[in-house]
Structures are given as structure tokens and as C-alpha cells.
Amino acid sequence: MQVHLSSLGCRLNEAELQNWAQTFQTIGYSLVNQPDEADLMVLNTCAVTSEAARKSRQMVRKYHRTNPQARLVVTGCYASLEPQELEKIMGVDLVVDNSDKDVLVEKVQELLDVPVMPEFATEPGESPLFSRNRERAFIKIQDGCRYRCTYCIVTVARGEERSRSVEDLLVEIRQLEQQGVPEIVLAGVHVGGYGSDIDSSLYELVETILNETSIQRIRFASVEPWDLGDGFFELFKNPRLMPHMHLPIQSGANSVLKRMSRRCKTETFSELVAEARRYVPNFNVTTDVIVGFPGETEEEFQETLEFVRSQPFGHMHIFSYSDREGTKAARLPNKIDKETKKQRSRQLHELAANIKTKELSQQVGEILNILWESSSQTLENGKQRYFGYTPNYHKVQLELECGYAIERTILATKIIAVAENNVLIGELTPEQIRSIPKSTSADIKITQL
């Protein structure tokens with residue numbers, strides 16, 4: 001039985017795919033990268049915006065057209081919010097609510113009623129990771145959220161907070177480490193809320209992972225800024241914790257943040273960023289900003305611009321607000337017209353690009369440990385272009401002659417320039433290049449300049 005797994009939306013969806021991949025393989029199913037090769041297709045949908053919901057419906061129909069003979073299972077936030085709509089779409093065999101994701105594989109077995117022999121009984125070391133993502137594994141540490149930001153539908157779709165036990169997470173991380181995965185990302189709906197239901201905390205979890213595993217690099221998915229208590233950034237003294245966090249601010253105007261029911265004011269956010277950089281000077285903070293939230297005045301938008309100018313954001317995700325049925329924000333008055341949102345988004349994108357270029361230029365001349373990824377491009381000059389990330393999560397590109405295997409390798413790389421597309425350009429010494437093997441190795445090695 002061949003299974004194709006795919007997701008739309010957040011990193012948590014990707015983490016869930018990795019968990020299902022492992023379980024499917026444990027019971028003897030095989031994973032395939034293309035939907036037209038599958039006997040079973042599983043799609044993890046998104047519904048964070050109306051556009052995301054539309055894309056989810058579109059993807060379901062596309063999968064059925066691509067492979068009408070395969071069984072199609074749909075889960076995720078859209079499946080949880082609008083299951084009746086999904087059941088009407090031709091080709092959908094099973095809709096799994098978010099609350100049943102932990103038993104999705106069992107439900108699939110009931111649907112298919114196909115007995116299988118576990119492959120892991122004879123191949124216990126096989127990796128559950130997708131071939132496209134063997135450098136970085138997303139670890140689902142919790143689900144659900146106790147907060148209710150007025151624009152967010154995800155908390156409705158995901159339900160109450162549920163944390164995984166520390167012991168369970170340690171087992172998963174150690175397994176990934178044995179499989180040669182160098183980097184993990186701690187993901188969830190409300191990552192900072194980890195432990196609220198099991199008398200623990202994100203700080204305690206990270207401290208335990210650092211003390212009881214040897215995984216080389218640890219990152220976070222999005223973390224709400226108000227969840228980081230005093231002393232949290234002391235953890236980053238350990239070099240295995242990568243100096244980057246995605247802290248969504250959503251607006252630079254406190255009056256807008258209040259209408260959003262956000263729990264962090266701009267002043268507190270600024271203090272948080274300053275504290276992070278006191279512990280790690282090159283600490284990279286990335287963020288989200290919504291423009292055109294209902295009632296956003298020109299004065300409030302200017303406040304956002306001024307706030308953004310004052311912050312060293314390495315990158316910004318900028319969204320134009322759109323109503324999402326089922327949220328409080330959808331019922332707010334004084335909607336912003338499409339043209340105004342478009343113009344404000346353009347201004348903010350230009351400002352964000354300038355700030356990013358300034359931040360990246362400070363990396364030039366540095367020698368940084370880059371985790372190189374398996375994706376590459378063949379150039380007209382016959383060379384291969386590889387991409388990787390700095391410890392503080394800036395993207396780097398490197399050109400090499402064909403035939404070198406640098407995938408999943410951490411190389412001390414000199415940053416020599418910033419490309420026009422705001423990607424850093426890296427360079428290796430001739431000695432380093434000669435030391436790179438011609439065939440892929442599962443061992444992760446660090447080579448120094």
C-alpha cells in the first residue's frame with residue numbers, strides 16, 4: 001500500500017505529516033512523493049483565512065482528478081470547520097476531525113480494511129522522514145490554544161490546549177537523532193503554552209531536551225511574545241539552541257492590538273527583542289504583521305510603520321486582512337477598502353525589504369555554520385546551487401561544481417555578499433571543497449575554515 005502525504009498551511013501540519021509517516025511505515029505502508037503513484041492520499045488542510053479554505057477545497061479536487069482510483073482522506077482545520085462541504089466533493093472517502101488526528105492511521109485502516117505486515121519488523125532503522133525534508137524535522141509538542149485573538153479561526157478548529165509528555169517527545173527526538181537528522185523545530189498551535197495542562201512549561205521542555213539529548217540544532221516555530229517569561233533567553237547561551245525566534249506582533253499600533261485581543265503591547269515587544277540581543281548580539285527576530293484590520297486608521301498605520309522602522313526584523317510576513325467567517329473580527333465595523341489595504345501592504349513590504357537588507361549586510365564577512373539542504377539548482381554554467389540556513393535563520397546560497405554531496409552537512413561558511421533577492425552568498429575554501437565527499441553520507445560533520 002503506497003501513501004502520499006501532503007499539507008497546506010502551518011509547520012504544525014508538517015509535523016503531523018511526519019508523525020503519520022512514521023506510523024504508516026511502522027504498519028507496513030510505503031511513502032511516495034507523487035500523488036499519482038499512491039493508493040492512498042492524505043491531505044492536511046488549512047483554514048486560517050478564507051483564501052486558505054478555498055485553496056484547500058481546490059487541492060482536494062486536484063488530487064481526485066490526478067488520481068481518481070486512490071482513496072482520499074482529508075483532515076486539518078478546514079476539514080474540522082466545514083466537514084459537510086468536504087463530504088460533498090467527489091472523491092473524498094474520509095474526513096478526519098482535528099480531534100481525531102492522533103488516531104488518523106487507525107481510521108484509515110478501518111476504511112481500507114487491508115491487513116499488512118510491518119516493514120519495521122525487518123527494517124527497524126528506516127527513517128520516517130520525507131526525502132525532501134531530511135535536514136529538519138518538525139516536532140509537534142502541543143495542539144490547541146486557550147487564547148482567542150479576534151481574527152483567528154485556528155483556535156476554534158484546533159480546540160483546547162493539549163501538550164505531549166516530555167518523555168514522549170524525548171523518545172521521538174532521540175529516534176530522529178539516530179537517523180542522522182541534525183535539526184528539529186518545536187511546533188504547535190500555541191508553542192509558548194506548552195505544559196499549561198501538564199504542570200510544565202516551554203522553558204522546562206527546552207532545558208530537558210538540551211540536557212537529555214544530543215540533537216545538534218533546535219529551533220522554534222512561531223511563539224507568542226507574551227509567553228516568554230523572565231530569563232527565557234538565558235537558554236540561548238547553549239549554542240545548540242539556534243539564535244532565532246518568530247515572534248508575531250501583528251500591528252505596531254497598540255489600539256489595533258487591543259481590537260485584535262493581542263496580549264502584548266509594542267513597548268513590551270521592543271523590550272523583549274532588546275533582551276534577546278543582550279544575550280545573543282546577532283539574534284534574529286522575525287514577525288507577522290496584518291495590514292487593513294477593521295478600523296485601522298491612517299494614523300494607526302503610520303504607528304505601525306514607525307514601530308517596524310525601530311525594530312531589527314530579519315524578515316516580516318505581511319498579510320492583508322480579510323474577513324474569516326466565525327471570528328469576532330469579521331463582525332467588526334469600519335472595514336478597510338481593498339485599494340487602501342493594497343497600498344499599505346506595498347509600503348510595508350518596501351520597508352521590510354530595506355530593513356532585511358540592512359540586517360543581512362551585517363552578516364557579510366562572518367564565518368557561520370550553515371546547514372546545507374538537499375534541494376539544489378543546476379545553473380547554465382553547469383554548477384549546482386545549494387541553499388542552507390545560518391544559525392539565526394538567514395538563507396544562504398552556494399555554487400559548487402556538480403557531484404559534491406553537502407546535503408545534511410554543517411559547513412563553516414564565509415558570507416561574502418548579499419544577493420539581489422536578499423539571500424546571502426556563501427563561499428568555501430578550496431581545502432573544504434576537497435574534503436567534501438562525492439557520495440552522500442548519513443554522518444553530519446562540521447568542517448572549520
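Helix axes here are lines fitted to C-alpha atoms over the stretch in contact, and the angle between two of them runs from 0 to 180 degrees between N-to-C directions. With that in mind, the axes of helix α11 (residues 298-309) and helix α12 (residues 338-361) come within 10 Å and cross at roughly 10 degrees. Because angles under 35 degrees count as roughly parallel, α11 is roughly parallel to α12. The model is predicted.

**The α11 and α12 pair**

- On the α11 side, the contact is made by Glu298, Phe301, Leu305, Val308 and Arg309.
- On the α12 side, Arg344, Gln347, Leu348, Leu351 and Ile355 take part.
- By type, the residues of this contact divide into six nonpolar, one polar and three charged.

**Helix α12 and its surroundings**

- Helix α12 has 24 residues and reaches 35 Å from its first C-alpha to its last, close to the 34 Å expected at 1.5 Å a residue.
- Its buried residues are Lys341, Arg344, Ser345, Leu348, Leu351, Ala352, Ile355, Lys356, Glu359 and Leu360.
- The cover over these buried residues includes the helices α10 (266-279) and α11.
- It also includes the strands β12 (284-291), β13 (313-320), β17 (410-418) and β18 (424-427).

**Nonpolar cores**

- In soluble globular proteins, nonpolar side chains tend to be buried together.
- In this model the largest nonpolar core has 86 residues, and Phe220 and Met245 have the most contacts inside it.
- Leaving aside neighbours within four places in sequence, Phe220 is in contact with Arg11, Val185, Leu186, Leu202, Val206, Phe232, Phe236, Leu241 and Met245.
- Another core, of 17 residues, lies apart from the largest one, and Val3, Trp20, Ala21 and Phe24 are among its members.

**Leucine 169**

- Leucine 169 sits in helix α7 (residues 166-178).
- Its relative accessibility is 1%, so leucine 169 counts as buried.
- Beyond residues up to four places away in sequence, leucine 169 touches Ile139, Lys140, Ile141, Arg164, Tyr194 and Leu205.
- Valine 418 is 249 residues from leucine 169 along the chain, and their C-alpha atoms are separated by 38 Å.

**Threonine 150**

- Threonine 150 belongs to the loop between β7 (142-143) and α6 (154-158).
- Although in a loop, threonine 150 counts as buried because its relative accessibility is 7%, and buried means under 20%.
- Not counting residues up to four places away in sequence, threonine 150 touches Arg259, Met260, Ser261, Phe293, Thr327, Lys328 and Ala329.

Technical notes. Residues are numbered from 1 along each chain as its sequence is written. This is a predicted model: local features need pLDDT of at least 70, side-chain atom pairs count only at pLDDT 80 or more; totals for chains, interfaces and linings use all residues. Side-chain values use heavy atoms; hydrogens and water are left out. Helices (H or I, at least four residues) and strands (E, at least two) are DSSP runs, numbered from the N terminus. Buried means under 20% relative accessible area, exposed over 50%, partly exposed in between (1.4 Å probe, protein chains only). Contact means heavy atoms within 4.5 Å. Angles under 35 degrees count as roughly parallel, over 145 as roughly antiparallel, 65 to 115 as roughly perpendicular and the rest as oblique. Ala, Val, Leu, Ile, Met, Phe, Trp, Tyr, Cys and Pro count as nonpolar, Asp, Glu, Lys and Arg as charged, and the others, Gly among them, as polar. A nonpolar core is a set of buried Ala, Val, Leu, Ile, Met, Phe, Trp, Tyr and Cys residues joined through side-chain atoms within 4.5 Å. The expected span of a helix is 1.5 Å times one less than its number of residues.
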